[in-house]
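Colleague: I am new to reading structures. Please take me through this one, feature by feature.

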Amino acid sequence: MSQTAPTKPARPARGRLFFANPGPTNIPDSILRAVSQGTVDFMSPAFLELYDHCMAGVKRVLKTEQHVFFYTASGHGAWEASLVNVLSPGDTLLIIETGYFSLGWAEMAEALGIKVETVKADWRTGVDFAAVEAALAADTTHRIKAVGVVHNETATGVALPIQKVRAALDATKHPALFMADTISSLGSFDFRMDEWGIDVVVGGSQKGLMLPTGMSFTGVSNKALEVHKSSTMPKHYMNWSAMIARRHKSFIGTVPILFFNGLKESLRLLEEEGLDNVFARHHRLAEATRRAVRTWSGNQGPQLFCQDSSRLSDSVTAILMPDGHNAEDVRKIAFERFNVSLGGGLGPLGGKVFRIGHMGDLNEPMILGTLASVEMALSIAGVPHAKGGVDSAMEYLATT
Ligand code: PLP
């Protein structure tokens with residue numbers, strides 16, 4: 001008797017979805033409960049108190065005493081706000097190449113009529129900061145109005161010591177603004193807006209802050225706010241001057257109230273654990289992941305995409321497949337057989353790379369479950385690798 005091909009996986013997924021994408025990330029139950037509260041008037045004193053509480057908390061996480069503006073938008077909205085508020089059509093933005101997301105930010109700038117110059121870099125190692133300094137030194141007429149860098153390139157798993165951008169600006173006495181994207185680093189590893197002299201910071205809700213996608217923000221220095229006053233770029237919803245005139249000093253329209261219920265709980269969780277402990281946890285889970293990958297890389301198996309050991313991201317690991325093997329096969333098996341969701345390769349890395357997100361609300365058994373499922377998926381997909389990746393991760397976690 002002939003059988004019809006099943007239209008869905010033979011075994012329906014049971015148990016928790018192991019969500020190992022590098023954003024959005026797992027939302028803790030207490031945040032889910034917080035965002036499920038009933039709505040209130042966003043002009044009420046109670047909400048204003050909650051709002052002020054969250055504003056102060058986000059400033060502590062950004063490590064800034066300057067300004068923050070929120071947007072009801074994903075990270076792209078904050079990217080756009082960073083550009084339209086301080087630049088004018090025809091201005092030059094120097095973008096430091098990191099990968100898919102530096103390209104995306106540059107593409108947006110070009111669409112807005114900004115001239116983009118790029119400091120090229122190898123995606124597997126990240127930029128040589130001497131090249132950034134050279135580009136700034138060569139710009140004797142100060143054509144470059146801002147330098148933009150992605151702190152943690154989510155597509156490659158390479159994290160940069162972006163303090164070096166400030167060092168390059170200072171060494172060349174260049175007045176350009178320093179803009180940094182901290183979307184996949186904030187709340188996962190060290191980031192210091194004021195100490196590192198960053199003028200415009202782009203952050204999002206759905207990664208280290210463990211919130212749903214849909215709210216983003218910019219940290220803004222006093223210098224950037226001054227520069228903003230002479231920006232002629234058309235803008236309305238994200239116009240900082242218009243926001244300052246509003247009661248919430250953000251949000252031209254209705255305030256996304258429930259996000260602030262969630263943000264309050266997110267800040268409570270981060271501060272209860274302590275930011276340094278949060279960073280240490282991320283480092284431990286990232287290191288366990290890397291140890292697993294290094295073991296798998298035996299027998300010509302998959303390897304760490306990041307080739308600079310001092311720049312390995314503590315929030316995401318990108319894993320490069322051996323030639324002739326498609327990362328999408330591994331992802332598909334992990335998802336359909338084991339209910340584990342992994343990140344795929346972005347842009348030119350599609351099919352070549354898969355990514356394990358280890359940011360946000362995560363502990364040892366969660367990362368071990370993911371690693372074990374990846375190891376099984378590699379076997380099932382017939383990808384060459386050395387066995388024992390999970391053992392390497394367990395040994396590390398048990399002894400540190
Ligand atoms: N920048 C980085 C580093 C990101 O990882 C992402 C998204 O993953 C973005 C920008 C874009 O943010 P969103 O997808 O929230 O618009």
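Colleague: Is Val 68 buried or exposed?

Modeller: Start with the cut-offs: buried means under 20% relative accessible area, exposed over 50%, and partly exposed in between, with a 1.4 Å probe and protein chains only. Val 68 has a relative accessible area of 3%, so Val 68 is buried. Val 68 is found in strand β2, residues 67-71. Helices (H or I, at least four residues) and strands (E, at least two) are DSSP runs, numbered from the N terminus. The C-alpha atoms of Val 68 and Gly 197 are separated by 15 Å, and these residues are 129 apart along the chain.

Colleague: What kind of model is this, and how are residues numbered?

Modeller: This is a predicted model, where local features need pLDDT of at least 70, side-chain atom pairs count only at pLDDT 80 or more, and totals for chains, interfaces and linings use all residues. Residues are numbered from 1 along each chain as its sequence is written, and side-chain values use heavy atoms, with hydrogens and water left out.

Colleague: How many residues surround the ligand?

Modeller: A residue is near a molecule if one of its heavy atoms lies within 4 Å of it. Here 13 residues surround the ligand. The closest are Ser 74, His 76, Thr 154, Asp 181 and Gln 206. Helix α3 (residues 75-86) gives the largest share of this shell, three residues.

Colleague: How many residues of that shell are nonpolar, polar and charged?

Modeller: Ala, Val, Leu, Ile, Met, Phe, Trp, Tyr, Cys and Pro count as nonpolar, Asp, Glu, Lys and Arg as charged, and the others, Gly among them, as polar. The shell has four nonpolar, seven polar and two charged residues.

Colleague: Which polar side-chain atom lies 2.7 Å from an oxygen atom of the ligand?

Modeller: A polar contact is a pair of N or O atoms within 3.5 Å; within protein, one must be able to donate a hydrogen and the other to accept it, and residues adjacent in sequence count only if both atoms are side-chain atoms. One such atom belongs to Lys 207, 2.7 Å from a ligand oxygen. An N or O atom in the side chain of Gln 206 is also 2.7 Å from an oxygen atom of the ligand. For Gly 75, a polar backbone atom is 2.7 Å from a ligand oxygen. Taken alone the ligand exposes 390 Å², and the protein buries 89% of that. Accessible areas come from the Shrake-Rupley method with a 1.4 Å probe; for residues, only the protein chains shown count as cover.

Colleague: Why is strand β8 largely enclosed?

Modeller: Count its buried residues. Five of the five residues of β8 (residues 177-181) are buried, so the rest of the structure largely encloses this strand. Leu 177, Met 179 and Asp 181 point one way, while Phe 178 and Ala 180 point the other way.

Colleague: Which strands pair with β8?

Modeller: Two strands pair if DSSP finds at least two bridges between them. β5 (residues 144-150) pairs with β8 in the parallel sense over five bridges. In that pairing, Leu 177 is the bridge partner of Ala 146. β9 (residues 200-204) also runs parallel to β8, joined by three bridges. There, Ala 180 has Val 201 as its bridge partner.

Colleague: Where is Asp 199?

Modeller: Asp 199 is in the loop between β8 and β9. Asp 199 is buried, with a relative accessible area of 4%. Its side chain makes a polar contact with the side chain of Arg 166, at 3.4 Å.

Colleague: What should I look for in the backbone angles?

Modeller: Most residues other than glycine have a negative phi, and most peptide bonds are trans. His 142 has a positive phi, near 55°. His 142 is partly exposed, at 29% relative accessible area. Met 210 has a positive phi of about 65°. Met 210 is buried, at 4%. A cis peptide bond joins Gly 23 and Pro 24, with omega about -5°. Pro 24 is in the loop between β1 (18-20) and α1 (29-35).

Colleague: Which residues of helix α13 are buried?

Modeller: In α13 (residues 389-399) they are Gly 389, Val 390, Ser 392, Ala 393, Tyr 396 and Leu 397. These residues cover an arc of only 160° around the axis, which puts them on the same side of α13. The arc is that of the directions from the helix axis to the C-beta atoms. On the other side of α13, Glu 395, Ala 398 and Thr 399 are exposed.
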